[in-house]
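Colleague: Could you take me through one part of this chain in detail? Pick a single helix, and keep it brisk.

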Amino acid sequence: MKVFHLTMECHHKYDSELYRDIAKGWPNLRDFDLACAPHCIHDTHPTLLAVAHMATYAKNLHELSMHFDAYRWSSEVGDEKLEGPEAEVPEHYYGRLTRRASMSHVASLEVGSSPIRYPICVAGFLARVFPHLEYNLNLDGPTTDLRWDEVKNHLPALHRMRRIERLRMDQKAMGYEFGEDSEDEDDGEGTYYSSQEDEGDGS
């Protein structure tokens with residue numbers, strides 16, 4: 001199974017375990033849409049853990065459309081902590097991604113009328129489980145909460161921070177010291193130089 005779309009006009013009731021079983025049972029999925037159309041009525045929503053399951057087990061997935069609860073998790077944390085600079089989604093919602101980096105290829109996500117609270121925290125969660133989800137957060141549904149617009153605005157900045165951090169770690173792994181330049185490095189003005197040339201200029 002590579003493509004699955006189900007958009008029946010009826011009541012839908014899914015939990016996180018269903019998404020885990022789908023992702024494990026159909027590892028070749030590339031495009032998955034489970035009742036994300038506006039006419040689909042959701043009696044319950046799976047938690048953020050369902051999103052983490054799709055990121056963990058659906059290894060070939062590129063496009064994902066699903067409803068999930070991005071609101072209820074905040075009741076576990078409390079408003080006082082959520083207003084602080086270190087506010088984030090609790091670790092247990094990441095499932096197996098709690099202690100490892102996501103290798104998901106999902107680059108397009110549609111959320112339909114998924115409930116949401118604290119958009120910056122939800123954006124951080126999505127950036128972590130979907131490292132390729134930068135611009136394609138689809139919010140075309142007529143019932144989409146406006147707070148998802150904030151998530152969409154936060155995602156590009158979070159991904160830029162990820163790239164900068166990856167560059168820093170790569171430089172550290174290669175032994176660059178603070179202020180050092182690598183050989184044949186661009187100085188930002190379109191010219192290239194090496195640190196050896198600077199050291200050799202004794203005049």
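Modeller: Let's look at H5, and begin with what follows it. Just after H5, Gly175 takes a positive phi of about 85°. Helices here are DSSP runs of H or I with at least four residues, strands are E runs with at least two, and both are numbered from the N terminus.

Two notes on the source. This is a predicted model, where local features need pLDDT of at least 70, side-chain atom pairs count only at pLDDT 80 or more, and totals for chains, interfaces and linings use all residues. Residues are numbered from 1 along each chain as its sequence is written, and side-chain values use heavy atoms, with hydrogens and water left out.

Now the length. H5 covers residues 147–173, which is 27 residues. The expected span is 1.5 Å times one less than the number of residues. For H5 that gives 39 Å, and its end C-alpha atoms are 39 Å apart, so the two agree.

H5 also bends, by about 30° at His154. The bend is the angle between axes fitted to the seven residues ending at a position and the seven starting there.

Which residues of H5 are buried? They are Trp148, Val151, Leu155, Pro156 and His159. Buried means under 20% relative accessible area, with a 1.4 Å probe and protein chains only. These buried residues pack against helix H4 (119–129) and strand S7 (137–138).

Take H4 next. Its axis and that of H5 are 8 Å apart, at an angle of about 50°. That makes H4 oblique to H5. Axes are lines fitted to C-alpha atoms, for helices over the stretch in contact, and angles run from 0 to 180 degrees between N-to-C directions. Oblique is what remains after under 35 degrees (roughly parallel), over 145 (roughly antiparallel) and 65 to 115 (roughly perpendicular). The crossing is right-handed: the near helix is turned clockwise from the far one by less than a right angle.

Contact means heavy atoms within 4.5 Å. On the H4 side, the residues that meet H5 include Ile120, Val122, Leu126 and Arg128. On the H5 side, Trp148, Val151, His154, Leu155 and Arg162 are among those that meet H4.

Tyr118 sits in the loop between strand S6 (108–110) and H4. Its phi is near 55°, a positive value in a residue other than glycine. At 15% relative accessibility, Tyr118 counts as buried.

Methods. Buried means under 20% relative accessible area, exposed over 50%, partly exposed in between (1.4 Å probe, protein chains only).
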